[in-house]
Amino acid sequence: MTDLHWLSATDIAKAYAARTLSPTELVRALLDRIEKLQPRLHAFIRLDAEGAMEAAKAAEAELANGHVRGPLHGVPVGIKDIIDVAGLPTTGHSKILVDNLATKDAVVVSKLRASGAIVMGKLSTHEFAIGGPSFDLPFPPARNPWNPRHHPGGSSSGSGAGIASGMFPLALGTDTGGSVRNPASVCGIVGLKPTYGLVSRRGVFPLAFTLDHVGPMTRTVADNAMLLDVLAGHDPLDPGSAATNARDFGALLDRGVAGLRVGFVRHFHEMDMPAHPDVTAALEDVERILEAEGAIVETVTLPKLSEFAGINRVILCSEAWSIHAPWLRERPEDYGALARRRLLPGAFMSAGDYVGAQRRRAELIAAVNDKLRDYDVLMCASSMDPASEIEDAAETARTYPRQARAPFNVTGHPALAMMSGLSHDGLPVSVQFVGRYFEDATVLRVAAAYEKAAGWYKKHPPI
Amino acid sequence: MDPMIAALAKAAGLDKVLAKFPADIEHAAAQALGHAEAVKYPTDPAAEPWPPMKAETAL
C-alpha cells in the first residue's frame with residue numbers, strides 16, 4: 001500500500017478491517033513523514049512519537065484480538081496545544097505557559113482515547129488562540145503546505161498544516177472567531193465549528209467562554225462526521241454544554257442535496273467585504289454545482305458583517321481580558337506582540353459595552369434563525385482572500401479580519417468551511433455552509449454532496 | 001498619549017504595560033473604541049442578553 005499519509009480515517013478503518021494495514025505500520029509511516037516535513041511546516045509544538053507508537057501497538061493487539069472500539073481505533077489524531085493531553089505540556093504556544101504540564105486529558109481527548117484513536121502530539125496555534133503568525137514566541141509558527149512562504153491560517157494553524165500535508169488524518173481545533181475554519185479554508189481541508197454546546201470544552205484553555213467551540217478538522221467530510229460522532233455529547237461539568245441527543249452525524253452524507261433549500265449570503269463577500277476575485281469565482285462555482293445537484297439556491301440577506309464582527313470582538317476581548325488580566329498586568333513582556341495587542345482592548349471596554357453586545361447578539365441570533373426557517377442551510381464565504389505570505393505582516397494584518405466566520409461564533413450555529421478551488425497562485429480558496437442548531441448532520445450532508453461533485457478532496461499540496 | 005487613556009490603563013492595573021509598551025496601550029484603546037462603536041444596541045429596553053444562564057437542552 002502506497003501513500004499511507006493520504007489515507008482518510010475511513011480508508012484506514014477499512015484497511016485495518018481487511019488486515020492490509022496495521023496501526024504500527026501507519027504510525028511509522030506518518031512519523032517518517034513528520035520528520036521530513038516538520039522542519040519546513042512546524043505543525044507540531046510537541047511530537048509524542050513514543051506515546052504514539054505505544055498506542056499503536058496497543059491498538060494493534062486489540063484489533064488482532066477482534067476488539068474493535070470503533071471506526072477511529074488505531075487512527076492518528078493531532079491535538080491543538082490549548083487542549084490538555086495528560087503528561088504533555090499545554091503551552092498555548094506561549095512563554096506564559098511553557099512549563100504547564102497537563103495532569104488530566106481534556107474531555108475530548110478522553111473520548112478520543114476511549115475510541116482507540118492515537119494521539120500524535122500537540123500542535124501549533126496562534127498564541128492563546130488569539131495572536132497571529134508570530135516569530136517572537138517560544139516555538140516557530142506553522143506554515144502552509146501549499147506554499148510554505150504563506151501562513152496556514154489560525155489559530156488552529158498546526159492542525160490545518162498537519163492535516164493538509166499528510167502528517168495525520170484528523171485533528172482537533174478550537175474556534176472562537178473562526179479558528180477551525182480559517183486554517184481549513186486556507187489549507188484546503190474540512191473544518192467544522194459544531195453547534196455551540198455540542199462538544200465539551202472542559203480541559204481546553206478558554207479564550208472567550210460564550211464564543212468558544214472545539215471542532216473536528218479532517219481532509220474529508222466523512223471523516224469529519226466520524227470524528228464529531230466521537231466528540232459530541234453532553235458534559236454536565238461544562239457550563240455551556242447542551243443536553244442534546246444529536247448523534248450519528250454521518251447519517252445523511254449519501255442523501256445528496258436534491259430539493260434542499262440553500263440561502264446564499266452574497267452581500268458578505270460582494271458588498272460588506274468585497275472578496276478576492278478567485279474567491280468570488282469559486283463561490284459562483286459552488287452555487288452552480290449545488291444547483292446542478294438539485295438544490296434550490298436563493299440569495300438571502302443578513303445583518304452586515306461589520307456588526308457581527310464588532311459584537312464578536314467586544315465579547316471576545318471582554319471575556320479574554322477577564323482571563324488574561326493578571327498575566328497582562330504582571331508579565332506583559334512574556335506575551336508575543338500580536339497576542340498582547342489583541343488581548344489588551346478588553347481593558348478599555350466597559351461593562352455596558354459587553355452587556356450591550358450580548359443583548360444585540362440575541363437579535364442577530366434571531367435574524368439568522370429567521371432565515372434558517374426558510375432555508376435548510378446558508379452558504380457564504382469563509383476567507384475573503386487566499387493566505388498571505390507569512391512574513392508580510394502588513395498584508396496578513398489586512399487580510400486576517402476579512403472573513404465571514406465570526407458571525408456564527410456570535411450566533412452559535414454549526415458552520416463548516418471547506419476547499420472550493422485554487423487561486424491563480426495555487427493556494428486554496430473556500431466556501432462555508434451554516435445550519436440550524438444541532439443540525440450539524442445537515443451541514444455535513446451539503447458539504448458531502450459538494451465534495452463529491454467538485455472533487456477538490458483529491459487534490460493535495462505539492463509537498 | 002491622551003491622559004485619559006493613560007489613566008484608564010492605570011486603573012486597569014496596566015502600569016507595566018504602560019511603561020514598557022505604550023504603543024500597545026494606545027492601539028488597544030483605539031481598537032476598543034472601534035469595536036464598541038460597531039455595535040448597535042437594542043432599542044427595546046426589555047431586550048435581554050444572550051446567553052441564557054445555561055444552555056441545557058437547547059439554545
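Biologist: Which side chain meets R201(A) in a salt bridge?
Modeller: In this predicted model, the partner of R201(A) is D238(A), with an N to O distance of 2.6 Å.

Biologist: What does R261(A) pair with?
Modeller: The side chain of R261(A) meets that of E298(A) in a salt bridge, at 3.2 Å from N to O. This pair links distant parts of the chain, with R261(A) in strand β7 of chain A and E298(A) in strand β8 (residues 296-299) of chain A, 37 residues apart.

Biologist: And what is the relative accessible area of R261(A)?
Modeller: R261(A) has 30%, which makes it partly exposed. E298(A) has 32% and is also partly exposed.

Biologist: Which residue does D370(A) meet in a salt bridge?
Modeller: R373(A), at 3.5 Å from N to O. D370(A) and R373(A) are three residues apart in helix α12 (residues 351-374) of chain A, so about one helical turn separates them. D370(A) is partly exposed at 39% relative accessibility, while R373(A) is exposed at 60%.

Biologist: Which residues do salt bridges with shared partners join into one network?
Modeller: R266(A), E270(A), E284(A) and E287(A).

Biologist: How many salt bridges over all chains?
Modeller: The count is 26.

Biologist: Changing topic, to the helix α1(A). Which of its residues are buried?
Modeller: In α1 (residues 9-17) of chain A, the buried ones are A9(A), I12(A), A15(A) and Y16(A). They sit on the same side of α1(A) because they cover an arc of only 120° around the axis.

Biologist: What do the buried residues of α1(A) pack against?
Modeller: Four elements of chain A: α2 (23-41), α3 (49-64), β4 (170-175) and α7 (221-231).

Biologist: Which exposed residues are on the face of α1(A) turned away from its buried side?
Modeller: K14(A) and A17(A) are on that face.

Biologist: Now the interface. How much area do chain B and chain A bury between them?
Modeller: About 3,400 Å², with 66% of it on carbon and sulfur atoms. Chain B puts 39 residues into the contact and chain A puts in 44 residues.

Biologist: How many salt bridges are there between chain B and chain A?
Modeller: Four. One of them joins the side chains of E330(A) and K16(B), at 3.7 Å from N to O.

Biologist: And how many residue pairs are in polar contact across the interface of chain B and chain A?
Modeller: The rule finds 11, with both residues at pLDDT 80 or more. On the side of chain B that touches chain A, the elements that give two or more residues are α1 (3-11), α2 (15-20) and α3 (22-37) of chain B.

Biologist: Which element gives the most to that side of chain B?
Modeller: α3(B), with 10 residues. By type, the residues on the side of chain B that touches chain A are 26 nonpolar, five polar and eight charged.

Note on methods: Residues are numbered from 1 along each chain as its sequence is written. Chains are lettered from A and ligands numbered from 1 in the order in which they are written. This is a predicted model: local features need pLDDT of at least 70, side-chain atom pairs count only at pLDDT 80 or more; totals for chains, interfaces and linings use all residues. Side-chain values use heavy atoms; hydrogens and water are left out. Buried means under 20% relative accessible area, exposed over 50%, partly exposed in between (1.4 Å probe, protein chains only). The arc is that of the directions from the helix axis to the C-beta atoms. Contact means heavy atoms within 4.5 Å. Buried area is the accessible area (1.4 Å probe) that two parts lose on being put together, summed over both. A polar contact is a pair of N or O atoms within 3.5 Å; within protein, one must be able to donate a hydrogen and the other to accept it, and residues adjacent in sequence count only if both atoms are side-chain atoms. Ala, Val, Leu, Ile, Met, Phe, Trp, Tyr, Cys and Pro count as nonpolar, Asp, Glu, Lys and Arg as charged, and the others, Gly among them, as polar.
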